[in-house]
Amino acid sequence: MDRPFDILLADNHAGFRREVRKILEEIPGVKVTGEAGNGRELFELLQELPPKLVILDISLPDLRAREGTRLIKMHYPDTKVLLMVLDQESEYLVHGLAAGAAGVLPKQYVGGQIASAITAVRQGKIYMPPPVPATNSPRITAPKATMPGRFSSL
């Protein structure tokens, strides 16, 4: 049997992480190895056991999408980053992709798109969501964005 595809989930809303984790645990071959609520927790978990994928909220406290993606790719080059966004037009999104993120996942459509996003990432592709999700796409309530601060140090 293949080794599980380890995922670390980073979002500052515990309830949202819980919902996403439930969805991830139903995907065959996927294992959630940890959850982080801020940048410091994320990098502590990365040091313990780098996963194959970090699902990173672009509004994680103390860590911007571009900076977080760049640091992850610099220190853990085998770890991919999938950005969770509220607004697909966000400048954070553009900067995160430019820094090497493996794709973008709209928070409100996580339930209907996360399996496709993970499949694309596992295949070495960049995941971009369809422009208009299907009307029967499962939705979970995305938390309100918070203003991210600067991540001070590793």
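The structure is a predicted model. The protein contains five helices and five strands, and these follow one another along the sequence in the pattern β-α-β-α-β-α-β-α-β-α. Of its 154 residues, 47% count as buried.

**Overall picture**

- Among the contacts in the protein with a separation of 6 or more, 69% are accounted for by residues 24 or more positions apart.
- The accessible surface of the protein amounts to about 7,900 Å². Carbon and sulfur atoms hold 51% of that surface.

**Helices α1 and α5**

- Helix α1 covers residues 14–25 and helix α5 covers residues 110–122. Their axes come within 10 Å and cross at roughly 55°.
- An angle under 35 degrees would count as roughly parallel, and one of 65 to 115 as roughly perpendicular; α1 and α5 are therefore oblique to each other.
- The crossing in which α1 passes α5 is right-handed.
- On the α1 side, the contact is made by Phe16, Val20, Ile23 and Leu24. On the α5 side, Val110, Gly111, Ile114 and Ile118 take part.
- The residues of this contact between α1 and α5 comprise seven nonpolar, one polar and no charged.

**Helices α2 and α3**

- Helix α2 spans residues 39–48, and helix α3 spans residues 65–75. The axes of these helices come within 12 Å, with a crossing angle of roughly 15°.
- Angles under 35 degrees count as roughly parallel, and α2 and α3 are therefore described as roughly parallel to each other.
- The crossing of α2 and α3 is right-handed.
- From α2, the residues Leu42, Phe43 and Leu46 meet Gly68, Leu71 and Ile72 of α3.
- By class, five nonpolar residues and one polar residue form the contact of α2 with α3, and no charged residues belong to it.

**Asp6 in strand β1**

- Strand β1 consists of residues 5–10, and Asp6 is found in this strand.
- Asp6 has a relative accessibility of 6%. Because buried means under 20% relative accessible area, Asp6 counts as buried.
- Apart from neighbours within four places in sequence, Asp6 is in contact with Lys31, Thr33, Pro51, Lys52 and Leu53.

Note on methods:
Residues are numbered from 1 along each chain as its sequence is written. This is a predicted model: local features need pLDDT of at least 70, side-chain atom pairs count only at pLDDT 80 or more; totals for chains, interfaces and linings use all residues. Side-chain values use heavy atoms; hydrogens and water are left out. Axes are lines fitted to C-alpha atoms, for helices over the stretch in contact, and angles run from 0 to 180 degrees between N-to-C directions. Helices (H or I, at least four residues) and strands (E, at least two) are DSSP runs, numbered from the N terminus. Angles under 35 degrees count as roughly parallel, over 145 as roughly antiparallel, 65 to 115 as roughly perpendicular and the rest as oblique. A crossing is left-handed if the near helix is turned anticlockwise from the far one by less than a right angle, and right-handed if clockwise. Contact means heavy atoms within 4.5 Å. Ala, Val, Leu, Ile, Met, Phe, Trp, Tyr, Cys and Pro count as nonpolar, Asp, Glu, Lys and Arg as charged, and the others, Gly among them, as polar. Buried means under 20% relative accessible area, exposed over 50%, partly exposed in between (1.4 Å probe, protein chains only). Accessible areas come from the Shrake-Rupley method with a 1.4 Å probe; for residues, only the protein chains shown count as cover.
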